[in-house]
Structure formats: structure tokens, C-alpha cells
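Colleague: Let's go through this model term by term. I want each label set against its cut-off.

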Amino acid sequence: MTVVLGLPLGERATAALELGALLARSSGTDLVVCAVAPAAWPPGLAKIDAEYQEYLDQVTQEALDAARLALPDDVPASFVAVRARSTPAGLLEVAEKHGASLLVLGSSSAGGIGRVSLGSVADHVLHSAPVPVAMAPRGFRCRAGSGVRRVTAAYGATKGDAEFTVAAAELAVGFGAALRLASFAVRAGPVVTAGVGLRAEEGVLREWSAHIEQAQRDTLARLAELSSAPPALESAVGYGRDWHEAVEDIGWTDGDLLAVGSSSVGPLARVFLGSRASKIVRNSPVPVVVLPRR
């Protein structure tokens, strides 16, 4: 199995390279760094066609050379350049060719530092990738030689979560990491000033908390019986007035990954973010892995 990293052209890719190295190191798999250039134009009479292709070749090679220098020395890697009709198409072609177990992307440069921001390439890849897609927060860095220590699976006790939690457990086992089930409750301020409104909301929240915590315990018990279970299993519930607060509430540390499941309304066996998962991803302070439905 292989970790394939999509290298942007003309942009810094340190965060994606750091994440790709972390995942390859933790899983003991090969790392393939891929730069995709636009497919060659049909032969024309204008000299500018050849000059433009030469320019693209130069930019592609410069991106690969910079990646070689930036990649940690302890992670063996190969570097490939391909031409394709689009960057997502080229990345998926390379992922299929190398039997990729993970496809790694960076965040959009327009996003905030320390958060995952989906650019146009990531958005297209997420709608068509048949393999897990890992995304690095903008500015992501990890300590030299470090590995994945814990996978946190965003858990909602909804349809499809049984398969998702097994996939998250398998991901954690592949990294030799612990697995944490995490659920999130966003509670906006009361819309009325009367105490009865606040008490009713608190009652609903307590009932939901009791339900989700029991569902977490039941799921962890099933995961513990897997033939290959993660070395440690835990759970957490995050509360907040918005998604940022709720995601931050469970606490994060170096070596953490967040895993989210693909939406049940998307294409089968493809990665497709639902609205809830998208909000969690955009507020994650750690790298995110989106798992396709089985």
C-alpha cells in the first residue's frame, strides 16, 4: 500500500509534505509525491504552444525539487510528474496506479492558519476519490520523527456509523494508534429569556448526552472484539456554542488525527462530505482523514 501526496504547483506545500511524511512513517508504507501538469495541447502552428509546455515542465520540476529538499530524511519517497486534463484526475490516476491507501492534500492558501480549508482541487477529489483522503491544516507541522498516536472518529450514532467506526478502527490499527470516538453538541444561546426555555433545552441536551454516551460504550465494546483492535479505546463528548467550541472542547494533542465518514447521500464507495461532517472538518485543529463509504 502507498501514501500518495498531491503536490500543488507554484505554492508552498510544507504542510502537505509534513502530513504525508507523518502518515507514511506511522504506517510503514511508501510515499509517492505527485505533481500534475495540464495535458499537452494539440499540435499547433504557434510557437507559444511549445514554449508554454516547456514552462509547465519547468514549474513541475521545480515543485518536485523543492519537495525533495523539504521532505524529512527518514521517509523514503519517490517523485513523479504526470500530465492530465485536471489535477484531481491526475491524482486519482496516480493513486489507482500505485494502489494508494491514502491520498494526501494540503489546505487552500485562502484558509485560516491551523484549520483545514478546502480548495477547488480538494473539493473535486473529495467528490470522486475511492480511497481515504487526508488533509493537512494550513501551516501544519509535526515534530521530527513523530507518528500518529490517536485517531479520533467523529461519531453521531447514525445510520452507517457502524461501518464507519470499523473503518476508523482499521485506520488506527494501521498506524498503531489509539482510537477515540468523539461526538459533538452545538448549543446556541436560548432564543427566549424565560427560564422555561433554557430548562427545556438543557433537558433535551441531557437526554441526548445519555443516549450518545451509551451508544459510544456499546460501539467501543464491539470494536474491542475485532480480531485486530486498536491498542486503546476511549470516548469523548464536546460541547460548545458553535462548532469551533464543540470540536475544541474534547482536547487535542500532537499525533492526533480526526477521521470523518462520507455522507450516506453521496455516491457509493466515494468520499462525499455531508453538511455536519463538513462543519467538523473546517473546525478541526488537526489533520483530517475522510473515509469513503463501504
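Modeller: Helices (H or I, at least four residues) and strands (E, at least two) are DSSP runs, numbered from the N terminus. On that basis the chain comes to eight helices and ten strands. This is a predicted model: local features need pLDDT of at least 70, side-chain atom pairs count only at pLDDT 80 or more, and totals for chains, interfaces and linings use all residues. Residues are numbered from 1 along each chain as its sequence is written, and side-chain values use heavy atoms, with hydrogens and water left out.

Colleague: Why is Leu-91 called buried?

Modeller: Buried means under 20% relative accessible area, exposed over 50%, partly exposed in between (1.4 Å probe, protein chains only). Leu-91 has 1%, so it is buried. Of the 294 residues of the chain, 47% count as buried.

Colleague: What does Leu-91 touch?

Modeller: Leu-91 sits in helix H3. Contact means heavy atoms within 4.5 Å. Leaving out residues up to four places away in sequence, Leu-91 touches Gly-6, Cys-34, Val-36, Leu-103, Leu-105, Val-121 and Val-125. Val-125 is 34 residues from Leu-91 in sequence, and their C-alpha atoms are 8.3 Å apart. Across the chain, take the contacts with a separation of 6 or more: residues 24 or more positions apart account for 77% of them.

Colleague: Is Cys-34 buried or exposed?

Modeller: Buried: Cys-34 has a relative accessible area of 0%. Cys-142 comes out at 22%, so it is partly exposed.

Colleague: Which residues of H5 are buried?

Modeller: Among them are Asp-161, Phe-164, Thr-165, Ala-168 and Phe-175. Thr-165 has 2% relative accessible area, so it counts as buried. Beyond four places in sequence, Thr-165 touches Tyr-155, Leu-179, Leu-181, Thr-219 and Leu-223.

Colleague: Where does Ala-153 lie?

Modeller: In strand E6 (residues 150–154). Ala-153 has a relative accessible area of 0%, so it is buried. Its contacts, without residues up to four places away in sequence, are Phe-164, Ala-168, Leu-179, Arg-180, Leu-181, Ala-182 and Ala-259. Phe-164 and Ala-168 are also among the buried residues of H5. Gly-261 is 108 residues from Ala-153 in sequence and 8.3 Å away, C-alpha to C-alpha.

Colleague: What makes H1 mostly covered?

Modeller: Eleven of its 14 residues are buried. They include Ala-15, Leu-17, Glu-18, Leu-22 and Ser-26. H1 reaches 20 Å from first C-alpha to last, close to the 20 Å expected. Just after H1, Gly-28 takes a positive phi of about 65°.

Colleague: Why does Val-59 count as buried?

Modeller: Val-59 has 15% relative accessibility, so it falls in the buried class. Val-59 is found in helix H2 (residues 47–70). Its C-alpha is 6.7 Å from that of Leu-9, 50 residues apart along the chain.

Colleague: What volume does the largest pocket have?

Modeller: About 700 Å³. Of the 27 residues that line it, the closest to its centre are Pro-8, Glu-11, Arg-12, Gly-106 and Ser-107. Two or more lining residues come from each of strand E1 (2–7), helix H1 (14–27), strand E2 (30–38), helix H3 (87–97) and helix H4 (120–126).

Colleague: What makes a set of points a pocket, not a cavity?

Modeller: On a 1 Å grid over the protein atoms alone, a cavity is a set of points where a 1.4 Å probe fits but cannot get out, and a pocket is an open set with protein on both sides within 12 Å along at least five of seven lines; lining residues have an atom within 4 Å of a point. Grid points are joined across faces, edges and corners, and a volume is the space filled by probe spheres set on the points.

Colleague: How do the lining residues divide?

Modeller: Into 13 nonpolar, ten polar and four charged. Ala, Val, Leu, Ile, Met, Phe, Trp, Tyr, Cys and Pro count as nonpolar, Asp, Glu, Lys and Arg as charged, and the others, Gly among them, as polar.

How values were computed
Expected span 1.5 Å × (residues − 1).
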